[in-house]
Amino acid sequence: MTAAPHSTPMVDVRQAHKMFGDLHVLKGVDLTVRSGEVCVVLGPSGSGKSTLLRCLNELEVLTGGSVRIDGELLGYREDESGRLHRLHPTAIARQRAKIGMVFQRFHLFPHMTALENVMEAPVQVLGRSKAEARATATELLERVGLADRMGHYPAQLSGGQQQRVAIARALAMDPELMLFDEPTSALDPELVGEVLAVMKDLARGGMTMVVVTHEIGFAREVADHVVFMDEGVVVEEGAPAAVLDAPREERTRDFLSHVL
């Protein structure tokens, strides 16, 4: 479900640069993702994919350039003269609350059940009542196929089940945008499908998603927009059929020949 072309992009990255000391990880990246789109970012390790994703929710601060989420400048306010001023951490936390993120590792609280893990942030961050948070968490865990695992602790769950709890936890904050950083790379191969199935369901529901993954089949089936990155730049982007089946750039062809 892709938005009309004249609407404000959900993600608008302009000339994003990121330095870690002398290491130039992002080198002028532009990226536009419209509301309701699924954007899949491909590329070799070290290409800047995960760093870009972390810059989309202020886990990393850009060295140069800008990120706007639904038209709002991330991390800064711009005065009348065009000068940028860093936002207060409280304001940045408010912006970040609109963006869900799912990592390679699940980062669940080991001393909390699946239900308690999903309830925690809405109660602590959004100030929702425990009854409201419990109702939402129950509904989300049912949605990701874990109705019978709500009282289980992370150690009692498979990797795929833990990742589905992590997705439900991110959705509990009612995000406008979901970011996935290689969400299946830490899973045993037989568990990958159950996580991808949940992500496909989110895409069908119109959730705007930016997904860093090596799952080419997922990109082909679900993505509206595929981006191939290498050495900190966007080498090629376009519709899945164009990038995956008829790439223009030799570097893209070489990468795909190794992962297909």
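**Helix α2**

I started with helix α2, residues 89-96, where A91, I92 and Q95 are buried (under 20% relative accessible area; exposed is over 50%, partly exposed in between; 1.4 Å probe, protein chains only). Seen down the axis of α2, these buried residues fall within an arc of 100 degrees, so they line one face of the helix. The arc is taken from the directions from the helix axis to the C-beta atoms. I then turned to the other side of α2 and found P89 and T90 exposed. What covers the buried residues of α2 includes β5 (72-73), β7 (84-86) and β8 (99-102). Contact here means heavy atoms within 4.5 Å. Helices (H or I, at least four residues) and strands (E, at least two) are DSSP runs, numbered from the N terminus.

**Basis**

This is a predicted model: local features need pLDDT of at least 70, side-chain atom pairs count only at pLDDT 80 or more, and totals for chains, interfaces and linings use all residues. Residues are numbered from 1 along each chain as its sequence is written, and side-chain values use heavy atoms, with hydrogens and water left out.

**α3 against α5**

I looked up how α3 (residues 114-124) packs on α5 (residues 159-171): the angle is about 25 degrees and the axes are 8 Å apart. That makes α3 roughly parallel to α5 (angles under 35 degrees count as such; over 145 is roughly antiparallel, 65 to 115 roughly perpendicular, the rest oblique). Axes are lines fitted to C-alpha atoms, for helices over the stretch in contact, and angles run from 0 to 180 degrees between N-to-C directions. The crossing of α3 and α5 is right-handed. From α3, A114, N117 and V118 make the contact; from α5, V165, A168 and R169 do. By class, I noted four nonpolar, one polar and one charged residues in the contact of α3 with α5.

**H225**

Is H225 buried or exposed? H225 is buried, at a relative accessible area of 11%. I placed H225 in strand β11, residues 225-230. Leaving aside residues up to four places away in sequence, H225 touches L31, T32, E37, V38, C39, V40, E237, G238 and P240.

**Positive phi**

Most residues other than glycine have a negative phi. I checked D70, where phi is near 50 degrees, a positive value. D70 lies in the loop between β4 (64-69) and β5. At 41% relative accessibility, D70 is partly exposed. D174 also has a positive phi, about 55 degrees, although it is not a glycine. I found D174 in the loop between α5 and β9 (177-181). D174 is exposed, with a relative accessible area of 58%.

Key. A crossing is left-handed if the near helix is turned anticlockwise from the far one by less than a right angle, and right-handed if clockwise. Ala, Val, Leu, Ile, Met, Phe, Trp, Tyr, Cys and Pro count as nonpolar, Asp, Glu, Lys and Arg as charged, and the others, Gly among them, as polar.
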